[in-house]
Amino acid sequence: MRGAIRLVVVPAIVLLATGCATKDWVKNLVGQKEVEIDQRVGTRVGAVEGRVGEQGQKVTWIENELGTVKTTAGEARTRADSAYSRADEVDGRLTRLWNGRHTRQLVETIHVQFGFDKWELSDGAQTALTNVVKDLKTNPNLTVDLEGYTDPVGTPGYNVGLSQRRVETVRRYLIEQGTEMPRVHSIGLGPLNGKSTEEHAKQRRVTVRLMVNQD
């Protein structure tokens with residue numbers, strides 16, 4: 001009887017010992033898995049955070065570039081507005097000067113002649129303009145009006161351009177000789193007049209009018 005009890009007790013003890021060992025093994029295994037999972041999760045989280053950081057840097061760079069572009073565009077717009085403003089001022093000033101020419105009194109008229117389809121100054125033209133420069137330097141109240149003309153030969157568009165080139169040649173010469181730019185008013189008008197009885201050679205000219213303010 002006692003032997004039977006012993007046989008029953010021994011397997012029970014072995015079973016209990018085995019059960020304890022199994023629980024410990026399970027705990028160890030679960031612990032290892034938890035560690036592995038934590039490591040994997042940590043690795044993935046780190047990778048995601050790294051990507052997020054890179055994207056954040058890209059976003060910051062893009063924002064900086066956009067800011068630079070906006071600043072540059074703003075500066076360009078400011079410069080353009082300033083340029084337009086100065087152009088309007090110059091245009092208004094020239095318009096006032098030209099419109100005001102009727103309030104002045106004619107002092108003298110000189111005709112500077114040109115060759116056919118030419119706009120270079122001859123020696124005689126330069127001599128006449130030198131005298132005009134002397135008069136302008138002597139009397140600061142004098143101004144000069146330049147009107148360029150051509151003969152009727154050729155197209156109207158070409159003749160207007162030719163008359164402007166002739167006027168510009170005279171204007172440049174006066175300024176190079178010391179005349180102040182605001183005192184010279186010039187315009188190219190093309191063919192003198194379709195009904196003019198003057199010879200064509202006389203129509204190829206720039207009319208120089210010395211003017212003085214009536215005041």
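Modeller: We can go through the overall fold, the sheet, and then some side chains.

Colleague: What kind of model is this, and how are residues numbered?

Modeller: This is a predicted model, in which local features need pLDDT of at least 70 and side-chain atom pairs count only at pLDDT 80 or more, while totals for chains, interfaces and linings use all residues. Residues are numbered from 1 along each chain as its sequence is written, and side-chain values use heavy atoms, with hydrogens and water left out.

Colleague: How many helices and strands does the chain have?

Modeller: The chain has four helices and four strands. These are DSSP runs numbered from the N terminus, with helices being H or I of at least four residues and strands E of at least two. Along the sequence, the pattern is α-β-α-β-α-β-α-β.

Colleague: In what order do the strands lie in the sheet?

Modeller: The four strands form an open sheet in the order 1-4-2-3, with mixed pairing. Strand 1 (104–113) and strand 3 are at the edges with a single partner strand each, so one side of each has no neighbour in the sheet. On average, neighbouring strands are turned by 20° against each other, direction ignored; the axes are lines fitted to C-alpha atoms, and angles run from 0 to 180 degrees between N-to-C directions.

Colleague: Which strands run antiparallel to strand 4?

Modeller: Strand 1 is antiparallel to strand 4 and joined to it by nine bridges; two strands count as paired if DSSP finds at least two bridges between them. Arg-104 has Asn-213 of strand 4 as its bridge partner. Strand 2 is also antiparallel to strand 4 (residues 205–213), through seven bridges, and there Gly-148 is partnered by Val-206.

Colleague: And how does strand 2 pair with strand 3?

Modeller: Those two pair in the parallel sense over six bridges, with strand 3 covering residues 184–191. Val-144 stands opposite Val-184 of strand 3, and Glu-147 opposite Ile-187. Together with helix 3 (residues 156–176), strands 2 and 3 make a right-handed β-α-β unit. Right-handed here means that, with the strands pointing away from the viewer, the path from the first strand over the helix to the second runs clockwise.

Colleague: Is strand 2 buried or exposed?

Modeller: Nine of the nine residues of strand 2 (residues 142–150) are buried, so the strand is largely enclosed by the rest of the structure. Buried means under 20% relative accessible area, exposed over 50%, and partly exposed in between, using a 1.4 Å probe and protein chains only. Both faces are covered, with Leu-142 among the buried residues on one side and Tyr-149 among those on the other. For the chain of 215 residues, the buried share is 22%.

Colleague: Changing topic, where is Thr-179?

Modeller: Thr-179 is in the loop between helix 3 and strand 3. Thr-179 counts as buried, at 5% relative accessibility. A polar atom of its side chain lies 3.0 Å from the backbone oxygen of Leu-174.

Colleague: Which rings does Arg-165 lie over?

Modeller: Arg-165 lies over the face of Trp-119, at 4.7 Å from the ring centre, and over the face of Tyr-158, at 5.5 Å. For such a contact, NZ of Lys or CZ of Arg must be within 6 Å of the ring centre and within 35 degrees of the ring normal.

Key:
A polar contact is a pair of N or O atoms within 3.5 Å; within protein, one must be able to donate a hydrogen and the other to accept it, and residues adjacent in sequence count only if both atoms are side-chain atoms.
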